[in-house]
Amino acid sequence: MPMLKEILNLEKGTVLLTGNAKRLGRIYLKSWLNRGLTVLAEGMPFELSSENLFIGSPYEGFSFDAYLILDPLSRPKPEREKLRRWLEEHRDRLFLLYERRYIKDSITRYGIKELIDYLIAYRRETVGFERVDVYKLEKGKIIERKSYIRRTPDEERFRV
């Protein structure tokens with residue numbers, strides 16, 4: 001099963017989505033909500049509504065099936081450490097860490113790498129295509145990788 005589809009069916013784990021990939025983020029959250037999971041989001045970087053989607057702080061003590069955490073790597077170091085400890089305590093949940101910045105190989109500089117099960121690095125290239133690199137990680141080490149490339153619709157329309 002391709003890794004992007006594997007992530008749709010996760011029951012627990014941590015997915016780091018980088019590069020402001022709104023379309024992919026919406027697809028994953030919508031899929032998890034359609035399965036009946038309740039989701040707590042710190043905020044919404046894209047449009048999505050559901051009766052099982054709540055907005056708030058993950059540290060409040062409520063228990064949800066899945067969480068959307070915004071910009072975890074862009075936070076100051078003490079906040080990143082607090083988030084890391086909280087993620088370690090809740091390994092039985094499903095997390096979508098949504099980072100607007102593009103992070104790929106530099107994930108190795110962050111201590112949170114050991115808690116990430118999948119890294120999805122989205123990049124829209126200037127030459128008319130989108131690139132998605134998906135990494136499966138175990139204890140901070142890459143065990144599988146796959147790249148997907150999609151031509152953007154504008155490029156196909158103007159191609160001669």
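Is Asp71 buried or exposed? In this predicted model, Asp71 is buried, because its relative accessible area is 16% and the cut-off for buried is under 20%. The residue sits in the loop that links strand S4 (66–70) to helix H3 (77–89).

Asp71 also has a positive phi of about 45°, although it is not a glycine. Asn20 is likewise not a glycine and has a positive phi, of about 55°. Asn20 belongs to the loop between strand S1 (13–18) and H2. With a relative accessible area of 30%, Asn20 is partly exposed.

Helix H2 covers residues 22–34. From its first C-alpha to its last, H2 reaches 18 Å over 13 residues, close to the 18 Å expected at 1.5 Å a residue. Several residues of H2 are buried, among them Leu24, Tyr28, Trp32 and Leu33. Arg23, also in H2, counts as exposed at 52% relative accessibility. Together with Lys22, Arg26 and Lys30, Arg23 forms a patch of positive charge on the surface.

Val127 is found in the loop between strand S6 (118–124) and strand S7 (129–138). Val127 counts as exposed, because its relative accessibility is 56% and the cut-off for exposed is over 50%. Its C-alpha is separated by 26 Å from that of Met3, which is 124 residues away along the chain.

The relative accessibilities are listed below.

| Residue | Relative accessibility | Class |
|---|---|---|
| Asp71 | 16% | buried |
| Asn20 | 30% | partly exposed |
| Arg23 | 52% | exposed |
| Val127 | 56% | exposed |

Technical notes. Residues are numbered from 1 along each chain as its sequence is written. This is a predicted model: local features need pLDDT of at least 70, side-chain atom pairs count only at pLDDT 80 or more; totals for chains, interfaces and linings use all residues. Side-chain values use heavy atoms; hydrogens and water are left out. Patches are made of residues with over 30% relative accessible area and no salt bridge: like charges are joined within 9 Å, nonpolar side chains (Val, Leu, Ile, Met, Phe, Trp, Tyr) within 5 Å. Accessible areas come from the Shrake-Rupley method with a 1.4 Å probe; for residues, only the protein chains shown count as cover. A salt bridge is a side-chain nitrogen of Lys or Arg within 4 Å of a carboxyl oxygen of Asp or Glu. Lys and Arg count as positive and Asp and Glu as negative; His and the chain ends are not counted. The place of a charge is taken as NZ of Lys, CZ of Arg, CG of Asp or CD of Glu. Helices (H or I, at least four residues) and strands (E, at least two) are DSSP runs, numbered from the N terminus. Buried means under 20% relative accessible area, exposed over 50%, partly exposed in between (1.4 Å probe, protein chains only). The expected span of a helix is 1.5 Å times one less than its number of residues.
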